Amino acid sequence: MTELRKDRRVQYTKKLLREALFNLLQEHGLSEITITELCKTADVNRNSFYRHYTIPLDILLELEEDIFERLSIVLRKSTNMDEVILLSCKLLENDKEMSKIVFTKADGSGILARILTSVRNNFPVENQIELSPQTQPFMEMAYQFGEKGSIAVIKNWIENDFSIPADDVAKMISYLVNRLNKI
């Protein structure tokens, strides 16, 4: 029972610190945010902060890892590329605040690149078409184009406050990726 209460306190403290960081990031860059300012905004003492983190960046890294884990679960449950794209977009849309923090205040493209590498390993293009030594470099460039383009679309969508429904963004990305895979 004591462990459960302690765990809830830890979650609550981390939640307060995340929210405070998000609020401060609206006005300042990450490098300008001090631990004192963060703790004051969160109404958390410095010892509580240091119990979980060493610098404010650690909070962002924890958020990134959380999103990566959730996207990885989506990937493991999915049976095809279109489903991965759709479920990933819906996951990002369902947690708008965290998505905005990670993808607009930090560079969330690293998370997306990690996920897309996992997608590539689970749904390799090589299984769909026969590659010759001449086409291999071209396919690699096409894949990089698709990956970077997908990341740019997702970041733009998040930066524009999810102005397009997740289903539509997923359809657009799926269409482009599927077209690239048929080249």
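Colleague: Is the crossing of α5 past α8 left-handed or right-handed?

Modeller: This is a predicted model, where local features need pLDDT of at least 70, side-chain atom pairs count only at pLDDT 80 or more, and totals for chains, interfaces and linings use all residues. Residues are numbered from 1 along each chain as its sequence is written, and side-chain values use heavy atoms, leaving out hydrogens and water. A crossing is left-handed if the near helix is turned anticlockwise from the far one by less than a right angle, and right-handed if clockwise. The way α5 passes α8 is right-handed.

Colleague: Are α5 and α8 roughly parallel or roughly antiparallel?

Modeller: Helices here are DSSP runs (H or I, at least four residues). The axes of α5 and α8 lie 11 Å apart, and the packing angle is about 25°. Angles under 35 degrees count as roughly parallel and those over 145 as roughly antiparallel. The two helices are therefore roughly parallel.

Colleague: Which residues of α8 make the contact with α5?

Modeller: Contact means heavy atoms within 4.5 Å. On the α5 side, the residues are C89, L92 and E93. The residues of this contact divide into five nonpolar, no polar and one charged. From α8 come I154, W157 and I158.

Colleague: And are α4 and α5 roughly parallel or roughly antiparallel?

Modeller: Helix α4 covers residues 56-77 and helix α5 covers residues 81-94. They pack at an angle of about 150°, with axes 9 Å apart. α4 passes α5 in a right-handed crossing. By the angle, the pair is therefore roughly antiparallel.

Colleague: How many residues of the contact of α4 with α5 are nonpolar?

Modeller: α4 brings I67, R70, L71, V74, L75 and K77, while α5 brings E83, V84, L87, S88, L91 and L92. Of the residues in this contact, one is polar and three are charged. The nonpolar ones number eight.

Colleague: Within what arc do the buried residues of α2 fall?

Modeller: Helix α2 spans residues 35-42, and I35, L38, C39 and A42 are buried in it (under 20% relative accessible area). Just after α2, D43 takes a positive phi of about 60°. Seen down the helix axis, the buried residues line one face, because they fall within an arc of 95°.

Colleague: How far apart in space are Y143 and L180, C-alpha to C-alpha?

Modeller: Y143 sits in helix α8, residues 135-159. Its relative accessible area is 15%, so Y143 is buried. In sequence, Y143 and L180 are 37 residues apart. In space, C-alpha to C-alpha, the distance is 7.6 Å.

Definitions and conventions. Axes are lines fitted to C-alpha atoms, for helices over the stretch in contact, and angles run from 0 to 180 degrees between N-to-C directions. Angles under 35 degrees count as roughly parallel, over 145 as roughly antiparallel, 65 to 115 as roughly perpendicular and the rest as oblique. Ala, Val, Leu, Ile, Met, Phe, Trp, Tyr, Cys and Pro count as nonpolar, Asp, Glu, Lys and Arg as charged, and the others, Gly among them, as polar. Buried means under 20% relative accessible area, exposed over 50%, partly exposed in between (1.4 Å probe, protein chains only). The arc is that of the directions from the helix axis to the C-beta atoms.
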